[in-house]
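Dear colleague,

Please find below the structure that I am handing over to you, with its sequence. My notes on what was found in it follow directly after.

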Amino acid sequence: MTDEIKLQKDAVKGARAKELLEHELLAEAFASLEAAYTQAWRLTTIDDVAGREKLFLAINVVGKVRDHLTSIMNNGTLAATELRQLAETAERARRWDQV
C-alpha cells in the first residue's frame, strides 16, 4: 500500500509540475530571464570573465529549473500510468474471483 501512496503523491506532483510548465506566466518568466541573461552576457566586455561566467551560470540555472519540473512531470505521468495498471490488475482479479 505504501507504494500506491507514493505513486499517488508522484502523480499529483507531476500534474502540478505540468500545470506550472504550461502556465503562461512561468513560461514567460523563463523566456524573459533567458533572453535578459543572454543579452547581458553578449554585452560583457572582453575582460569581464567573471561577469560572463555568472551570466552563463544564471542561464543554465533557468534551464535546470525547467528540466527539474519536466522530470517531476514525467515521473508523475509514469506514476499515473502505473496506478492505472494496478487498478486494472485489481479489477481483473476481482472479476476472476467472481467467476
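In these notes, a helix is a DSSP run of H or I with at least four residues, and helices are numbered from the N terminus. In that sense, Ala58 is found in helix α3. Please keep in mind that the model is predicted.

Helix α3

Helix α3 covers residues 49–98. At 1.5 Å a residue, its 50 residues should span 74 Å, and the end C-alpha atoms are 73 Å apart, which agrees. Ala58 has a relative accessible area of 18%, and because buried means under 20%, Ala58 is buried. Other buried residues of α3 include Gly51, Leu55, Val62 and Leu83.

Around Trp41

Leu57 forms a nonpolar patch on the surface together with Trp41 and Phe56, and their accessible area together is about 320 Å². The C-alpha atoms of Trp41 and Ala58 are separated by 10.0 Å, the two residues being 17 residues apart along the chain. Thr44 lies in the loop between α2 (24–42) and α3. A polar atom of the Thr44 side chain is 2.8 Å from the backbone oxygen of Trp41. Leaving aside residues up to four places away in sequence, Thr44 touches Arg52 and Leu55. With 19% relative accessibility, Thr44 counts as buried.

Salt bridges

Side chains of opposite charge can pair when their charged atoms come close. How many salt bridges does a search of the whole structure find? The search finds 6. One of them joins Lys6 and Asp10, with the closest N and O atoms 2.8 Å apart. Lys6 and Asp10 are 4 residues apart in helix α1 (residues 2–22), so about one helical turn separates them. Asp10 counts as partly exposed, at 22% relative accessibility.

In helix α3, Glu88 and Arg92 are likewise 4 residues apart, about one helical turn, and their side chains meet in a salt bridge at 3.9 Å, N to O. Glu88 is partly exposed, with a relative accessible area of 43%, and Arg92 is partly exposed at 45%. A further salt bridge, at 3.4 Å from N to O, links Arg95 and Glu91. Arg95 is exposed at 53% relative accessibility, whereas Glu91 is partly exposed at 31%. Salt bridges that share partners join Glu91, Arg94 and Arg95 into one network.

Yours sincerely

Definitions and conventions
Residues are numbered from 1 along each chain as its sequence is written. This is a predicted model: local features need pLDDT of at least 70, side-chain atom pairs count only at pLDDT 80 or more; totals for chains, interfaces and linings use all residues. Side-chain values use heavy atoms; hydrogens and water are left out. Patches are made of residues with over 30% relative accessible area and no salt bridge: like charges are joined within 9 Å, nonpolar side chains (Val, Leu, Ile, Met, Phe, Trp, Tyr) within 5 Å. Accessible areas come from the Shrake-Rupley method with a 1.4 Å probe; for residues, only the protein chains shown count as cover. A salt bridge is a side-chain nitrogen of Lys or Arg within 4 Å of a carboxyl oxygen of Asp or Glu. Helices (H or I, at least four residues) and strands (E, at least two) are DSSP runs, numbered from the N terminus. The expected span of a helix is 1.5 Å times one less than its number of residues. Buried means under 20% relative accessible area, exposed over 50%, partly exposed in between (1.4 Å probe, protein chains only). A polar contact is a pair of N or O atoms within 3.5 Å; within protein, one must be able to donate a hydrogen and the other to accept it, and residues adjacent in sequence count only if both atoms are side-chain atoms. Contact means heavy atoms within 4.5 Å.
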